[in-house]
Amino acid sequence: MVGNLVAGVALGGKLAIGAALGVSACAGVGATETHHTNSTTVVSQHQVKFTEDKARVIALKGCSGTFKSVSFQNNVYTYIIHKDSTDYKVTVNGETGEVLKMEALSYIQVLPQDHAKEIALKACPGTYKSVSVESNVYVFVIHKDSVDHIVKVNAKTGACSCN
């Protein structure tokens, strides 16, 4: 599956990288007690000193902007806040209310498969047969002039090669 690649650069200059289909997929993969919402309603609330609403106020003080989403895992709230054309990931301790980390997220758009297919068919006009993905490269099989042609399209750049 191809989605958005998310790379976060901590405001202190440290680098954190993760892959995801969307921002919400980054939080809590494989966790047993992860809750996520894209609205102001929390799916489940644990016994913590700071509620999701109180912790959100703290996160927004640390990074004023527009609230996008929240997840909760291991007594830590993770907020995604949009400000000045950038999304920020802000983590808040549910017991102490302390902002643990704030980092700017940058998104590298990955080429959707249907767009890559259009590129492949322009490079090698014919009949589309199949597609696979290998190391961030779409590999299309296009039938043209009684021959199957392999057309590769880079999922990040859209660069195309045809055999």
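Modeller: What follows goes through several of the salt bridges one by one. This is a predicted model, in which local features need pLDDT of at least 70 and side-chain atom pairs count only at pLDDT 80 or more, while totals for chains, interfaces and linings use all residues. Residues are numbered from 1 along each chain as its sequence is written, and side-chain values use heavy atoms, with hydrogens and water left out. Searching the whole structure gives 6 salt bridges (a side-chain nitrogen of Lys or Arg within 4 Å of a carboxyl oxygen of Asp or Glu).

One of them joins Arg56 to Asp53, at 3.4 Å from N to O; the two lie 3 residues apart in helix H2 (residues 52-62), and are therefore separated by about one helical turn. Helices (H or I, at least four residues) and strands (E, at least two) are DSSP runs, numbered from the N terminus. Arg56 is buried at 12% relative accessibility, whereas Asp53, at 46%, is partly exposed; buried means under 20% relative accessible area, exposed over 50%, and partly exposed in between, with a 1.4 Å probe and protein chains only. Glu52, Asp53 and Arg56 are linked in a network of salt bridges.

Another salt bridge pairs Lys68 with Asp87, their closest N and O atoms being 2.8 Å apart, and this pair links distant parts of the chain, with Lys68 in strand E4 (residues 66-73) and Asp87 in strand E6 (residues 86-93), 19 residues apart. Lys68 is partly exposed at 37%, while Asp87 is buried at 4%.
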